[in-house]
Amino acid sequence: MRLFSLYSLFLFLLINSSSQAQINRSIPSEKPKLIIEIVVSQMRFDYLNRYWNKFSDNGFKRLVNDGTYCRNARYNYLLTQPYPGLATISTGSNPSVHGIISDKWFSRYSGEEINAVYEEKVSTIGGSYFSGKYSAKNLVTSTFGDELRLSNPHSKVISIALDAGSAILLAGHSANGIFWFDTEKGLWVSSSYFTETLPAWVDTFNTKGFAKLYTEREWKALQPIENYEEADTASVKSEEKKKTLLEKLKGMVNGVIGNPKPKTDFRSLLESPYGNLLTKDLAIAAIAGEDLGADEHTDLLCVTFSANRNIGGKYGPHSIEMEDTYLRLDKEMEHFLNFIDATVGLQNCLVVLTSDQGVASTPDYLEKSKIPGGYFDPQKAMILLKTYLNAVYGQGNWVVGYHDKQIYLNRKLIEDSNLKLEDVQQRVSDFMLEFSGVANSTTAHNLQNGQFANGIMVKFQNSFNQRRSGDVIINLEPGWVEQNGHVTSANSPYDYDAHVPLIFYGWKIKRKSVLEPVYMNNIAPTLSLLLGITWPNGSTGVPIKQILE
């Protein structure tokens, strides 16, 4: 009888302990133990609706249905490119303040092209010589990750992306680990700016050879080809375009989108959904290897799925390849969220999903519906501009650079010729308006000396940095894109480039839909206020009140 009573007591305590553990697990921590910022590069706002019926219930749908979905989130500047977008998310400021005005720009001092994150003085950690020569030196403000580390040295900040710029700019200067992919050796690497050696968990991951495995894998469509949007040849009006599409569909034998190359070419992962798979795998390894979210000190994990950017630029936003990429990423998202729930617990983890930019439809696609659009050829435009300036001012190298809708003039030559810089800028600006596809053109002088309250010039000004921007900046008509070797691109203030998804999910986030305008420089102040830490030192955004309520 006594033995039975002891057994009953033990069983009661065991059940009670188990029940209490489950209750404790369901109660969110006072502050999130882990914040995960997920950036799906070049994800237009409409992708979620377009592919909704083909998504699973536990990937993107899970975030939308159970999180706070900001449906009216936008970048509020002109040159919507990946690196300015990532820097805006992390710093809470626009390019005019954080200094990353575009992916690349022209240096008047050196006369050379500047990559936003390239750094000659640092060395590669863990890979080929040039693969690690990157740093955050050109980012002139602090980030949310930097402020998190300053407020609590025990907090960890880790960032992962296929390309160095995405990994670096989303995290900042003082992260514990920033890792990107070396396409020469097929390894995850870093630079001496951030670390002296790779962590053991990264070395272990590299030895497993996932990169080689995924590179050699055949890219097969998840669904029958006829189920994809672009496969509908009936919507194609032009016989020439229809023939091209039919040839493409014929080439997709048995739903094979991309055949592996005989020789391992790791660069192919940059424009393949398997690059996203590799990125997700390393993110999971980071959570386990760094024990992220394991204690009361809030950690930050930044993950950028940058393969989508290259796939979109190569095939276009309405392509079979793009659609299949998102169907596959939805499955990876489901697996990632399930892993987080099983380890950290979603009630202890705050997930922020967004994008660094949208993307324009290809002019060929717009042509199907008789919507205006076209390609602007900057090389031809610069040839004509130089000819014009030679005719007006005499022979000389009046234009020293053109980068991403920004024209850089030879200021020394202008000064030596006793010309007023603002007069030459205005003449160039007026001339650029003569080109088909150019909607707006303005000068550095106007942006430096004017204050604009509304309209397109606000977006010009938010993109303009006095030390780095060009003398003249142009904006194209809606539907027009620059010829840059891709079928399309993003780099405009229009809805298709500036409007992106923004979802907060997990921890204490409520289920709601936010229709009020939200700007992307509001993310960092919101996260900072949630944790009670200092905002990034250049922040110009404001907290999103619907997240804080």
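Reply: One definition to start: buried means under 20% relative accessible area, and exposed means over 50%. The model is a predicted one.

Me: Is Arg44 buried or exposed?
Reply: Arg44 is found in the loop between strand E1 (34-40) and helix H2 (47-50). Its relative accessibility is 9%. The cut-off for buried is under 20%. Therefore Arg44 counts as buried.

Me: Which residues does Arg44 touch, not counting residues up to four places away in sequence?
Reply: Contact here means heavy atoms within 4.5 Å. The partners of Arg44 include Arg50, Pro317 and His318. Also among them are Gly358, Val359, Ala360 and Ser361.

Me: How many helices and strands does the chain have, and how does its radius of gyration stand against the globule rule?
Reply: The chain has 22 helices and 22 strands. For 549 residues the globule rule gives 24 Å, and the chain is close to that, so it is as compact as a globular protein of that length. The radius of gyration of the chain is 25 Å.

Me: What percentage of the contacts in the chain between residues at least 6 apart in sequence join residues at least 24 apart?
Reply: Some context on the chain comes before the value. Buried residues make up 56% of its 549 residues. Its C-alpha atoms fill a box of roughly 110 × 55 × 50 Å along the principal axes. For contacts between residues at least 6 apart, the share joining residues at least 24 apart is 73%.

Me: Why is strand E18 largely enclosed by the rest of the structure?
Reply: In a regular strand the side chains alternate between the two faces of the sheet. On one side of E18, Val472, Ile474 and Leu476 are buried, and on the other Ile473 and Asn475 are buried. E18 (residues 472-476) is largely enclosed because its buried residues number five of the five.

Me: Asn418 has a positive phi. Is Asn418 buried or exposed?
Reply: Asn418 lies in the loop between helix H16 (411-416) and helix H17 (421-432). Its phi is near 55°, and the residue is not glycine. At 73% relative accessibility, Asn418 counts as exposed.

Me: Trp507 also has a positive phi. Is Trp507 buried or exposed?
Reply: Trp507 is in the loop between strand E20 (502-506) and strand E21 (512-514). Its phi is near 35°. With a relative accessibility of 12%, Trp507 counts as buried.

Me: Which helix supplies the largest share of the lining of the second largest pocket?
Reply: The second largest pocket has a volume of about 460 Å³. Helices H10 (239-251), H12 (307-315) and H14 (363-368) each supply at least two residues of its lining. The largest share, five residues, comes from H10.

Me: Which lining residues lie nearest the centre of that second largest pocket?
Reply: The pocket is lined by 22 residues. They divide into seven nonpolar, six polar and nine charged. Nearest the centre lie Glu230, Thr362, Asp364, Tyr365 and Lys368.

Note on methods
Residues numbered from 1 in each chain as written. Predicted model: local features only at pLDDT ≥ 70, side-chain atom pairs only at ≥ 80, totals over all residues. Heavy atoms only, no water. 1 Å grid on protein atoms, 1.4 Å probe; cavity = no way out; pocket = protein on both sides within 12 Å on 5 of 7 lines; lining within 4 Å. Points joined across faces, edges and corners; volume = space filled by probe spheres on them. Helix = DSSP H or I, 4+ residues; strand = E, 2+ residues; numbered from the N terminus. Nonpolar A, V, L, I, M, F, W, Y, C, P; charged D, E, K, R; others polar. Buried < 20%, exposed > 50% of the residue type's maximum accessible area, 1.4 Å probe, protein only. Rg over C-alpha atoms; globule rule 2.2 N^0.38 Å.
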